[in-house]
Amino acid sequence: MTGLQVVFLLIGAVTLASAVMVVAAKRVMHAALWLILALVGVAAAYATLEASFFAVMQVAVYVGAIAILIIFAAMLTRRSMEDDPARLNKGWPAALLAAGGLLAGLVYLFSRWTGFSSPARALPEGGENIAALGLALTAPEGFLVPFEVASLLLVAAMIGAIYVAGDLRK
Amino acid sequence: MIPLSWYLIFAACLFCIGLFGVLARKNAVTILMGIELMLNAVNINLLAFWRYLWAPKADGQVFVAIVIVAAAAEAAVGLALIISAYRRRQTVNANEMDMLKG
């Protein structure tokens, strides 16, 4: 076992443990803090894939923006759940069965797939090619239309979030 | 080198933990956290397949970029909805958000 594999196993263990804590934590605030650790672990997993751009994007977008958003929402709505001791709804055994069944099915599919052992492709000198990604996102023969649709989606989501969350009666 | 299978099994575990959170938790904010975990698992899969089967072409990374955009939009709108519902009903319990029930 190489050093990189040991590092990956550590990252995976920390990430999965904090993901379990997100689901199991009693207080929403604690769940949000565990979520930040899980997101950092995912960023580290991206780094082991040599996708350094997305590791940085993960920290900036998820740990930076989305985690702050979730913490604000948790703080704004904190009072309502504190007197309710049960954090799981009544159907949680069925949910556990569904999640466990999906995991078992996925592992069964993986065990029958032969592409598992394919070695990693060679990256060019200096790691991943960010310039190629930028060109692919903005070239008309590449992914210009999905890129513009994604920008439109972001604008629509921003306006919608302001409209829904803002108190417009005042 | 880390085998591709490790990434896939890691992502599958993360996805299933997130799915359990979405299905089982009462608090709407925690349900959104479960959705974020599921989206992250998808991104790990996409990046792993890009790295092992598609690099150095950039196509696989474009998917990840667009999934991150969609996740940001989803988080913003979802949390706005939760705050709006909290303002009207003083609750974030998903079982009590039944205004649309016939």
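Select residues 1–84 of chain A, then 129–170: these are domain 1 and domain 2 of chain A, with bounds that come from an automatic or database domain assignment. The C-alpha centres of domain 1 and domain 2 of chain A lie 24 Å apart.

The model is predicted, so local features need pLDDT of at least 70 and side-chain atom pairs count only at pLDDT 80 or more, while totals for chains, interfaces and linings use all residues. Residues are numbered from 1 along each chain as its sequence is written, and chains are lettered from A and ligands numbered from 1 in the order in which they are written.

**Chain A as a whole**

Colour chain A by secondary structure. Chain A has six helices and zero strands, where helices (H or I, at least four residues) and strands (E, at least two) are DSSP runs, numbered from the N terminus. Along the sequence the pattern is α-α-α-α-α-α. Chain A has a radius of gyration of 21 Å, well over the 15 Å that the globule rule gives for 170 residues, so chain A is more spread out than a compact globule. The radius is taken over C-alpha atoms, and the globule rule is 2.2 Å times the number of residues to the power 0.38. The C-alpha trace of chain A spans about 55 × 45 × 30 Å along its principal axes.

Of the 170 residues in chain A, 25% are buried. A residue is buried if 20 or more other C-beta atoms lie within 10 Å of its own, exposed if 12 or fewer, and partly exposed in between, with C-beta atoms placed from the backbone.

**Two stops in chain A**

Select A:Gly127, in the loop between helix 4 and helix 5 (130–138) of chain A. Is A:Gly127 buried or exposed? A:Gly127 has 12 other C-beta atoms within 10 Å and is therefore exposed. Show its contacts next: leaving out residues up to four places away in sequence, A:Gly127 touches A:Glu50 and A:Ser52. Two residues are in contact if their C-beta atoms, placed from the backbone, lie within 7 Å. A:Gly127 and A:Ser52 are 75 residues apart in sequence, and their C-alpha atoms are 8.3 Å apart in space.

Go to A:Leu103, in helix 4 (residues 92–112) of chain A. A:Leu103 counts as partly exposed because it has 18 C-beta neighbours inside 10 Å. Which residues does A:Leu103 touch, not counting residues up to four places away in sequence? They are B:Ala12, B:Cys13 and B:Cys16. For a distance within chain A, pick A:Phe8: A:Leu103 and A:Phe8 are 95 residues apart in sequence and 20 Å apart in space, C-alpha to C-alpha.

**Chain B as a whole**

Chain B has three helices and zero strands, in the order α-α-α from the N terminus on. The C-alpha trace of chain B spans about 50 × 25 × 20 Å along its principal axes. Buried residues make up 58% of the 102 residues in chain B.

Select helix 2 (residues 28–54) and helix 3 (residues 59–89) of chain B. Their axes are 9 Å apart and the packing angle is about 175°. Axes are lines fitted to C-alpha atoms, for helices over the stretch in contact, and angles run from 0 to 180 degrees between N-to-C directions. Helix 2 and helix 3 of chain B are therefore roughly antiparallel to each other; angles under 35 degrees count as roughly parallel, over 145 as roughly antiparallel, 65 to 115 as roughly perpendicular and the rest as oblique. The contact of helix 2 with helix 3 of chain B has 18 nonpolar, four polar and three charged residues. Ala, Val, Leu, Ile, Met, Phe, Trp, Tyr, Cys and Pro count as nonpolar, Asp, Glu, Lys and Arg as charged, and the others, Gly among them, as polar.

**Where the chains meet**

Show both chains again. The contact takes 66 residues from chain B and 75 residues from chain A. On the chain B side, helix 3 gives the most, with 21 residues. By class, the side of chain B that touches chain A has 49 nonpolar, twelve polar and five charged residues.

Finish at helix 6 (residues 144–165) of chain A and helix 3 of chain B, whose axes come within 9 Å and cross at roughly 10°. That makes helix 6 of chain A roughly parallel to helix 3 of chain B. The residues of this contact divide into 19 nonpolar, two polar and no charged. To display it, select residues including A:Leu153, A:Ala157 and A:Ala161 in helix 6 of chain A, and B:Val69, B:Ala73 and B:Ala76 in helix 3 of chain B.
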